[in-house]
Amino acid sequence: MSSDIRGDEMKKSGPLEGLKVIEWGHYVSAPYCAKLLADLGAEVIKVEQPGQGDEARSHGPFPHDEPDKEKSGLFHLLNANKLGVTLDVRSERGKEIMLKLIAQADVLVEDNPPSLLKSYALDYDSLEGTNPRLILTSITPFGHSGPYKDYKGYDINCCALGGVSFAIGDPHREPLSLPLSQSHYQAGANAAAATMVAVLARETTGRGQHVDISEADVLSFYSASNSLMYIFHGMEWRRAGHRAPDSGGSYPYTVLPCKDGYVCLIARSGQEWSRIVKMLGGPEWAKQPRYQDRNAMGREYPDEVDALIIPWLKERTKDEVFQLCRQHGVPFAPVRDFREVLNDEHLQQRNFFVETAAPFGKPVKFPGAPYRFSETPWRFSSPAPRLGEHNSEIFIDRLGYTESEVQRLKSEGVI
Amino acid sequence: MSQLPLEGIRVVDFGWVWAGPLATSLLADLGAQVIKVESRARLDNVRLIGRPTFGDKPILGVEPRQAEGEDRELTPMYHNINRNKLCVSLNLKHPAAVGVAKKLVAISDIVLENFTPHVLKSAGLDYTSLRAVKPDIIMISMTTGGQDGALTNMRSYAPSLTSLSGLESVVGYDDGRVMGTLTFGLGDPNGAVHAVFAILAALYHRRKTGQGQYIDMAQLEGVVALLGEPLLDYQLNGRVMGPMGNHHPYMAPYGNYPCKGEDKWVSIAVKTGEEWQAFCRVTGHSEWLRDERFSDLEKRLTNRELLNRLVREWTVNYTPYQAAAILQEAGVAAAPVLGIEEQFEDPHLKARGLYARSRHPLFGDETLLNIPWKFSRTPGSVRQPAPLLGQHNDYVLGEILGMSTGEIDKLLEEGALY
């Protein structure tokens with residue numbers, strides 16, 4: 001099913017209305033950055049390779065697992081509210097057209113290897129002269145400088161260098177990376193915020209600049225922000241399985257099984273611990289001094305205390321435990337699975353999910369935006385573009401190519 | 001010539017603990033004047049998480065909430081996420097303090113808070129009240145669950161947030177037992193960065209239209225927004241995703257492999273046919289290229305247990321840095337798994353300028369983390385250490401608001417400054 005939506009009919013509204021962005025992105029990193037801008041009203045033209053398009057189109061999830069480049073779940077999640085064109089940037093004509101697109105834009109967001117950008121003369125040094133107001137936002141695994149700048153990196157590599165994996169998993173087994181492309185999403189979010197800094201700075205300086213975002217830098221910034229605390233406190237910063245190392249200093253800080261899944265149990269003060277004990281029904285064991293010294297429990301014998309609590313948990317479901325925790329003012333949480341998240345009462349009350357039939361022909365819930373603006377609300381205005389959907393509008397109407405030039409470029413594989 | 005990109009912007013910061021202060025520290029690093037409001041009547045809890053330390057020695061035996069006076073100034077995380085800020089010790093339980101806070105808002109651009117929804121409202125500092133003193137104010141409230149809905153008053157720690165989001169349900173090995181991310185907290189920094197984006201978008205809008213607004217941000221939604229893939233897979237194909245270890249649906253080999261030394265690992269990811277060929281050649285195993293069991297990605301995924309074992313037999317001969325260098329030279333993605341202390345030593349992270357040295361008045365020299373965004377023209381920086389409680393009362397109230405010494409003393413006497 002198709003929905004021919006013209007760019008100028010897109011009813012773009014939002015705080016970023018009027019901002020013009022070209023996205024030359026692949027998979028998650030740059031597409032997520034550009035999605036954040038598009039969702040708040042910026043005009044985003046997404047440039048894809050003719051033929052296959054963005055690799056996210058081949059990643060699914062697909063309805064009934066049937067690959068279809070117009071029905072990739074990941075592609076639809078990341079590319080709604082954007083215009084889409086095809087362009088082989090590697091070719092001479094393609095590069096020419098890309099430069100014309102850039103000339104009309106405020107921002108170019110991309111996630112190509114630095115050496116590739118340079119070889120196409122689309123790096124910042126090459127662009128700055130003719131586009132002094134252009135903001136180039138580059139997202140890479142390791143950045144545009146430093147000894148690893150030409151290193152290849154996928155998300156597992158960024159999580160490794162960024163100190164994240166070292167802190168997750170069983171101490172007797174391999175460290176675990178963050179699942180589901182989280183490293184790319186974080187880089188994209190940081191890039192969007194940093195892009196806005198450059199957009200605002202340009203109002204004063206009159207000039208654009210290069211914004212260089214590295215996934216490993218971002219993850220290192222996140223993980224070290226937390227772990228500095230542990231280093232200075234002389235506590236080991238290393239994965240400890242289903243609990244924080246040394247239980248974060250005092251018991252509990254852990255994930256334990258219950259009747260129908262898992263719960264996350266954390267208490268940071270004596271007061272919170274006594275509320276937990278009360279919730280457990282004031283058991284005899286909790287009255288012994290051994291189980292009142294939370295530091296010793298956390299550092300020396302947490303398995304023992306886990307074993308005392310698990311039987312109580314195994315008799316109760318996640319929901320039951322959650323209700324009891326809320327009643328007793330204990331900050332526990334159930335470990336929800338994705339079916340439960342979709343049906344979560346709170347998220348429904350918040351109207352967080354957006355239901356649309358456009359991409360798949362049947363209504364499906366997409367996550368909405370995590371922020372609500374009182375005056376310029378987020379809107380879902382159009383589904384992700386079909387491959388090359390806006391070629392005519394952009395190349396003919398905007399850039400002034402003729403119908404026959406466009407046909408020729410198409411036959412040459414340039415678009 | 002570089003200049004701070006957010007110079008001239010003033011922020012009233014009611015944030016506490018992690019997400020809120022981290023967001024305003026990013027603004028402060030970039031030149032905004034961030035005025036942190038914090039008093040002894042309601043201390044920023046991050047001061048009380050973990051133990052105060054002096055030099056490199058933790059002060060043991062002190063229950064965090066009992067730390068007093070200077071001991072409260074010694075928490076490294078507080079230092080890291082409150083640098084570059086001014087601090088006024090306005091006690092918002094006192095009406096005179098609320099009056100001063102409003103005067104500050106009247107000359108500010110942005111207000112940020114991350115209390116549970118009733119707190120600022122009870123103090124008369126909610127958006128409606130603040131818009132009355134500054135009609136174009138931009139205010140953002142960051143909470144776990146947002147300003148409405150069943151979870152509005154929920155207290156949570158970072159892992160509780162990610163537990164509710166679904167993320168934790170897929171963190172574990174393929175035996176199904178959920179491990180959790182636990183010490184690595186994603187929810188707060190994710191929230192902070194999205195909050196900065198939203199604030200700057202609102203500022204962009206205001207500069208064009210003169211219109212301010214209120215932003216309601218739910219950190220839980222901030223994480224769920226990133227988890228669309230499994231949510232769609234469930235709706236399209238009925239599958240509920242569980243922990244998968246380091247398996248990737250489109251790459252093999254893919255994982256963290258053991259190296260020479262204790263608890264040393266290298267991450268390796270092979271996606272394309274070319275990368276697989278390069279991997280086989282550079283590890284001295286061209287015979288794998290002729291092995292039917294590995295002839296395409298699908299076969300490599302099917303036979304990944306065997307493949308992983310073979311890769312391990314190679315990696316155990318090298319240190320993580322050696323293995324990574326050999327593989328990268330051949331165009332294969334590889335990087336050492338670094339612990340936190342190793343990160344401080346890594347030549348690339350150092351060259352990227354991730355670490356800043358700062359001098360705290362009580363703590364002395366310390367290492368903080370630089371903002372990870374690199375700007376060619378208008379970079380951010382660490383210029384001042386985290387403030388002591390109430391350190392800038394005279395400066396903010398006297399110089400910025402123009403109050404007299406007498407007026408300030410009165411506020412101190414009546415406990416409005418505390």
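In chain B, strand 6 (residues 110-113) and strand 7 run side by side in the parallel sense, joined over 4 bridges; helices (H or I, at least four residues) and strands (E, at least two) are DSSP runs numbered from the N terminus, and two strands pair if DSSP finds at least two bridges between them. Within this pairing, L112(B) stands opposite I140(B) of strand 7. Strand 7 of chain B also pairs in the parallel sense with strand 8 (residues 213-218) of chain B, over 6 bridges, and there M142(B) has M217(B) as its bridge partner.

This is a predicted model, in which local features need pLDDT of at least 70, side-chain atom pairs count only at pLDDT 80 or more, and totals for chains, interfaces and linings use all residues. Residues are numbered from 1 along each chain as its sequence is written, chains are lettered from A and ligands numbered from 1 in the order in which they are written, and side-chain values use heavy atoms, with hydrogens and water left out.

Strand 7 (residues 138-143) of chain B is mostly covered, with 6 of its 6 residues buried, where buried means under 20% relative accessible area, exposed over 50% and partly exposed in between (1.4 Å probe, protein chains only). In a regular strand the side chains alternate between the two faces of the sheet. Here I138(B), I140(B) and M142(B) point one way, while M139(B), S141(B) and T143(B) point the other way.

In chain A, K318(A) lies in helix 12 (residues 318-328), and K318(A) counts as buried because its relative accessibility is 7%. Its side chain makes a polar contact with the side chain of E340(A) at 2.9 Å, a polar contact being a pair of N or O atoms within 3.5 Å; within protein, one must be able to donate a hydrogen and the other to accept it, and residues adjacent in sequence count only if both atoms are side-chain atoms. A polar atom of the K318(A) side chain also lies 3.2 Å from the backbone oxygen of V335(A).
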